[in-house]
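Hi,

Here is the structure I promised to pass on. Have a look at it first, and my notes on its aromatic rings follow below.

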Amino acid sequence: MNSVTLINNTNGEKYEFDILDSTKGSGVIDVRNLYAATGLFTYDPGFTSTASCTSEITFIDGEKGELRYRGYDIEELATKKEYLEVCFLLLNKRLPNKAELLDFSEEISKRSFVHEGIKDLFNAFPDYAHPMSMMSASVSAMSAFYFEHLDMSECKDFQVMARRIIAKMPTLAAFSYRRTLGIPFVYPDIERSFTENFLYMLRAYPGQSLKIPTIEVTALDTIFTLHADHEQNASTSIVRGVASTGAHPYVALSAGINALWGRAHGGANESVMLQLEMIGSVDNVENFIARAKDPNDEFRLMGFGHRVYKNFDPRARILKNLLHELKDKININSELLEVAMKIEEIALSDEYFVKRKLYPNIDFYSGLILTAMKIPRSMFTIIFVIGRTVGWITQWMEFQESEDKKIARPRQRYMGETDKQV
Ligand code: CMC
């Protein structure tokens, strides 16, 4: 096994740390006994150099712009597989055959109804509530309706728990939205596919047999697949952190939803559209680029930059292609598209962005597609939530089955007052 040597220049002591291999990508220095051996901690705010777990789910090579779920390239999955096949893959570590997919889809459809009591929870929210508030509260409330998932002794129980919440997410999402409008909830239609049913529950009048255009179902299905997992991002790390305390899995998911809401994470898709509208015209782009570059201005170009991708975000590339494919078919706002393309063009050649390796990320393009599909802006991050639920819950399961099941408890560098007396 390879190792690294750490020399403490204060006392000349040498310490050896193993380098653990990975099947693909960087190895890791095993510092688990660092404190015991040296009396020192590592200091890494934002965990830019720290691996918090061992995982077999998702692989990212940020330098190459590579993303794989269970070994499969994201582009292949997004173009050749449905979202529910990807869910099956993440949960079961392999793609389903035809019969398995049929069973899985049927089970998800049948589990999509929520307890009638949940409707009262939505009705308690004010009209102006953001759907994300309702989403996080209702997913947390699910822990009361399925309290038995707190103590699951067998892996097969994990699967039921996971399928249950994946199935109910679109229903909770559609209820959240309909509550903001004060219009009656529409129950799931089990004859429709997962993604079509979500659009139906958002748009239909109760009892209406509404036709949802296939092109929109396919586009949204792709968007769900692109969001399905993304290794140890902020919200997933939070889900694993809550899992490590032994809390109910749906409470851990609710914490993930809250973490995702922030503008630096999944909330960026809502902010991108706001920003494009604020910029308004290609003539104003230069001005906003200058603001983004100004160290004294807090303005950031939303939908640009990523902690891991330093070449391009493969999800963004797939969405950009999809955007151009759909341009004339679903009435993409051409003025905003022009503004977006101008920002992209300037940013990709501007020294500030090039030097910092800031490229468009997934959120830069998704809003334009969702807007053309008449999905309200307040639902953009909810779309991210629906897609990511399978990733969060798969990561939750992996944590439960792992050997390193330790409570998430980082240390700190203390720089406060010392030894004061009253
Ligand atoms: N516009 C202008 N400057 C930026 C931007 C941006 N969008 N992003 C980063 N920078 C600059 C930043 O000011 C810093 O400059 P300097 O070195 O001069 O101080 C440098 O680039 C490094 O930025 P950082 O904040 O240290 O990088 P990070 O890896 O901690 O943050 C990020 C990554 C995604 C939070 C950040 O790029 C950002 O805030 N982007 C805008 C929000 C966004 O689009 N988020 C969606 C991410 S993708 C969806 C998801 O998976 O969540």
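**Aromatic rings: what turned up**

Trp-396 is buried, at 4% relative accessibility (buried means under 20% relative accessible area, exposed over 50%, partly exposed in between, with a 1.4 Å probe and protein chains only). Before you go on: this is a predicted model, where local features need pLDDT of at least 70, side-chain atom pairs count only at pLDDT 80 or more, and totals for chains, interfaces and linings use all residues. Residues are numbered from 1 along each chain as its sequence is written, and side-chain values use heavy atoms, leaving out hydrogens and water.

Searching the whole structure gives 17 aromatic pairs (rings of Phe, Tyr and Trp, the last by its six-membered ring, pair if their centres lie within 6.5 Å; planes under 30 degrees apart are stacked, over 60 edge-to-face, the rest tilted). One of them joins Phe-158 and Trp-396 edge-to-face, 5.3 Å centre to centre with 80° between the planes. Phe-158 sits in helix α7 (residues 155-181) and Trp-396 in helix α18 (residues 380-401), so this pair ties together parts 238 residues apart in sequence (helices are DSSP runs of H or I, at least four residues, numbered from the N terminus). Phe-158 is buried too, at 7%.

Then there's Phe-288 with Phe-299, a tilted pair at 5.5 Å centre to centre and 50° between the planes. Phe-288 is buried, with a relative accessible area of 10%, and Phe-299 is buried at 10% relative accessibility.

Also worth a look: Phe-304, Tyr-352, Phe-353, Phe-364 and Tyr-365 form one aromatic cluster.

Cheers

Key. Helices (H or I, at least four residues) and strands (E, at least two) are DSSP runs, numbered from the N terminus.
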